[in-house]
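Thanks for coming. I will go through one structure today, chain by chain and then across the interface.

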Amino acid sequence: MKSLKYILVVLWGAFVVTPLLWALTTSFKTANAVTGGPTYIPYLQYEPSLAGWRSLFGGAGGIDIAKPYIDSLVVTLSATAISLVLGTLAAYGLSRFTYKAGFVKNADLVFFFISQRIMPPIVLSIPFFLLLQFLNLLDTKIGLVLVYIALLLPIAVWIMVDFFDGVPRAIDEMAMLDGCSPFEAFRRVVLPNSLPGILVAGMFCLIFGWNDFFFAFTLTFTDTQLLPVAVVALNSSVTPWWSLSASALVSVAPLILIAFFVERLLSRGTLAGAIR
Amino acid sequence: MQQREFRLYKLAFLLPGLLILLAIILFPLLFTIRVSLSGWDAIVPGLDWAGVRNYAGVFADARFWQSLGRLSLMAVGTVLIQYVLGFALALLVWRDIRFRRLWRVLFLIPMMTTPVIMSVIWRTIFHESLGPANDLLGFIGLGPYPWLTSAGWAVASVMLVEIWQWTPFMFLLLLAGLISLPREPFLAAAIDGAGPIRTFFNVTFPLLAPVSIGAIIIRLIEASKLMETVYVLTSGGPGTATETTGYYIYIRGLRDFQIGYAAALSITYLVIMIVLLTIVAKLLVRVFVGGKTA
């Protein structure tokens with residue numbers, strides 16, 4: 001029974017790391033090593049080369065990764081930051097006050113935010129294309145940030161409403177009795193107690209922002225190019241597997257670090273409060 | 001505080017986010033509905049009036065309905081497998097196991113990686129002669145398999161990649177749920193002399209019903225948009241074997257530039273998904289909660 005447990009986790013662990021290890025070993029191969037059939041261990045099975053990694057910095061047969069990397073960072077971080085600010089404010093309002101406009105009440109407003117996640121990217125892509133064309137924002141970072149806010153804001157509102165519902169109302173009521181305005185109560189008392197929730201919301205925004213492909217693919221062309229689009233552009237019948245693998249690893253590396261962070265929150269029990 | 005001043009504060013919290021979302025999503029959506037009633041295509045671009053002609057076309061479009069059936073099967077199939085695997089993995093690393101935190105980090109990693117980028121890597125893995133999938137399975141006497149070139153295998157391959165990518169999401173939510181469970185019900189079950197299997201079905205599983213429902217619905221919503229993996233791995237092929245609804249609309253709209261028709265397809269797709277997901281959500285609540293609380 002006990003060893004079965006270990007066999008199972010090792011099996012799944014092996015499945016999880018296989019694509020990443022395959023990419024790692026492939027990134028050190030040359031054209032000859034790839035076309036010679038699948039091999040795994042450098043030196044023993046093939047002579048490793050740094051060609052794939054050199055191609056990331058303008059070497060032959062790959063993509064120059066620096067610009068898309070910076071574009072991706074700028075767009076993802078801006079959209080995450082704006083979504084967090086707007087989302088936290090809206091979520092606090094929805095958690096603490098009662099809104100009523102006709103038949104629309106708080107629950108409907110929360111549902112409206114969350115329901116945006118149902119929208120398939122393809123449904124939005126045509127109107128987004130025309131909208132950005134109208135605003136003269138096609139192929140720009142600002143245009144993508146706008147679109148990503150629509151994707152990330154629902155996530156931020158969703159996580160933060162649940163989180164604020166778990167923060168005792170007594171603390172902001174006390175602050176307001178002491179003469180704080182609702183906004184001061186929010187900023188000075190509630191916000192400092194909400195960092196775990198904001199962290200979790202921020203991480204999910206980063207994951208969904210950094211990993212988007214379709215909008216970056218349909219709304220930008222040459223001036224702005226995000227990482228996933230740049231890497232997928234290498235995907236063809238004559239794909240240089242070594243450059244592809246190196247650029248894939250470099251692209252997914254920063255978010256893999258987030259896994260360590262999520263595990264820490266998870267094991268401390270912080271996540272349980274933030275995701276329900 | 002003044003009543004009026006308080007009202008202003010209330011609105012100041014909610015409105016910036018709400019208005020921006022409305023502006024970014026609602027107006028484009030209304031515009032799509034208008035476009036779907038036009039004959040906009042590559043030859044005659046523009047908003048003329050075509051009435052419901054496009055919708056009549058959608059109704060008779062066998063390729064669309066087939067893609068919808070295929071999408072539903074793939075989405076439900078992958079989500080169920082993800083749920084079972086995610087639950088099992090969460091139980092495995094919940095309590096006493098060595099290197100617990102290492103396993104947890106490891107099991108979370110795939111959901112952090114960019115789906116399209118990993119799909120490109122998977123495509124090299126599935127390569128029939130140069131990829132490791134057939135090579136490694138060959139060691140245990142299996143294969144070779146036509147991963148991306150036969151209809152059935154291509155569907156299985158897309159599902160496999162989706163399972164690799166998103167089982168961690170189920171794992172994460174269910175493990176977070178497990179960690180937050182109170183101890184008392186487990187002590188009570190132990191005192192009653194319940195074994196691990198009875199404890200699971202009588203205590204753990206019912207206590208995690210709300211988390212389970214939430215996790216399955218979130219994943220179904222995300223899976224109902226499936227297209228990027230398909231785009232990279234198979235381009236919908238061989239033939240249309242892996243063509244999902246999103247990918248079909250992509251071909252019609254952004255490749256053939258039949259904007260009006262693609263808009264009608266999009267609106268139909270959206271409405272069907274909202275209806276189906278609502279029904280599934282209601283059914284799930286019934287399945288998990290059953291007659292126990294009602």
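Before the contact figures, a definition: two residues are in contact when their C-beta atoms, placed from the backbone, lie within 7 Å. On that basis, residues 24 or more positions apart account for 75% of the contacts in chain A with a separation of 6 or more. Please keep in mind that this is a predicted model.

Let me stay with chain A. Its secondary structure comes to 14 helices and two strands. The C-alpha trace spans about 75 × 60 × 30 Å along its principal axes. Of the 276 residues in chain A, 48% are buried.

How is chain A divided into domains? There is domain 1, covering 2-49, and domain 2, covering 66-274. Taken over C-alpha atoms, the centres of domain 1 and domain 2 of chain A are separated by 34 Å. The contact between them involves seven residues of domain 1 of chain A and six residues of domain 2 of chain A. On the domain 1 side, the largest share comes from helix α1 of chain A, residues 2-26, with three residues. That side divides into three nonpolar residues, three polar and one charged.

One helix of chain A to look at on its own is α10, residues 195-210. Helix α10 of chain A has 16 residues and reaches 22 Å from its first C-alpha to its last, close to the 22 Å expected at 1.5 Å a residue. Which residues of α10(A) are buried? The list runs A:Gly197, then A:Val200, A:Ala201, A:Gly202, A:Met203, A:Phe204 and A:Cys205, and then A:Ile207, A:Phe208, A:Gly209 and A:Trp210.

Now chain B. Chain B has 13 helices and zero strands. The pattern along its sequence is accordingly written α-α-α-α-α-α-α-α-α-α-α-α-α. Its C-alpha atoms fill a box of roughly 75 × 75 × 35 Å, taken along the principal axes. Buried residues make up 43% of the 294 residues in chain B. As for contacts in chain B between residues at least 6 apart in sequence, 68% join residues at least 24 apart.

Helix α6 of chain A, residues 121-134, packs with helix α1 of chain B, residues 3-36, at an angle of about 100°, and their axes are 9 Å apart. Angles of 65 to 115 degrees count as roughly perpendicular, so α6(A) and α1(B) are roughly perpendicular to each other. From α6(A) the residues involved are A:Val123, A:Leu124, A:Ile126, A:Pro127, A:Phe128, A:Leu130 and A:Leu131, and they meet B:Pro28, B:Leu29, B:Phe31 and B:Thr32 in α1(B). The residues of this contact divide into ten nonpolar, one polar and no charged.

Is A:Ile126 buried or exposed? A:Ile126 has 25 other C-beta atoms within 10 Å; the cut-off for buried is 20 or more, so A:Ile126 is buried. Leaving out residues up to four places away in sequence, A:Ile126 touches B:Thr32, B:Gly253, B:Ile259, B:Ala262 and B:Ala263. Within chain A, the C-alpha atoms of A:Ile126 and A:Leu219 are separated by 9.5 Å, and the two residues are 93 residues apart along the chain.

Last, two backbone points. Most residues other than glycine have a negative phi. A:Asp139 has a positive phi, near 65°. A:Asp139 is found in the loop between α6 and α7 of chain A, where α7 is 141-166. With 16 C-beta neighbours inside 10 Å, A:Asp139 counts as partly exposed.

The other case is in chain B: phi of B:Ser235 is positive, near 50°. Where does B:Ser235 lie? B:Ser235 is found in the loop between α11 (228-233) and α12 (245-255) of chain B. B:Ser235 has 13 C-beta neighbours inside 10 Å and therefore counts as partly exposed.

That is what I have; I will take questions.

Methods:
Residues numbered from 1 in each chain as written. Chains lettered and ligands numbered in written order. Predicted model: local features only at pLDDT ≥ 70, side-chain atom pairs only at ≥ 80, totals over all residues. Helix = DSSP H or I, 4+ residues; strand = E, 2+ residues; numbered from the N terminus. Expected span 1.5 Å × (residues − 1). Buried ≥ 20, exposed ≤ 12 C-beta atoms within 10 Å, placed from the backbone. Domains from an automatic or database assignment. Nonpolar A, V, L, I, M, F, W, Y, C, P; charged D, E, K, R; others polar. Axes fitted to C-alpha atoms, helices over the stretch in contact; angles between N-to-C directions. Parallel < 35°, antiparallel > 145°, perpendicular 65-115°, else oblique.
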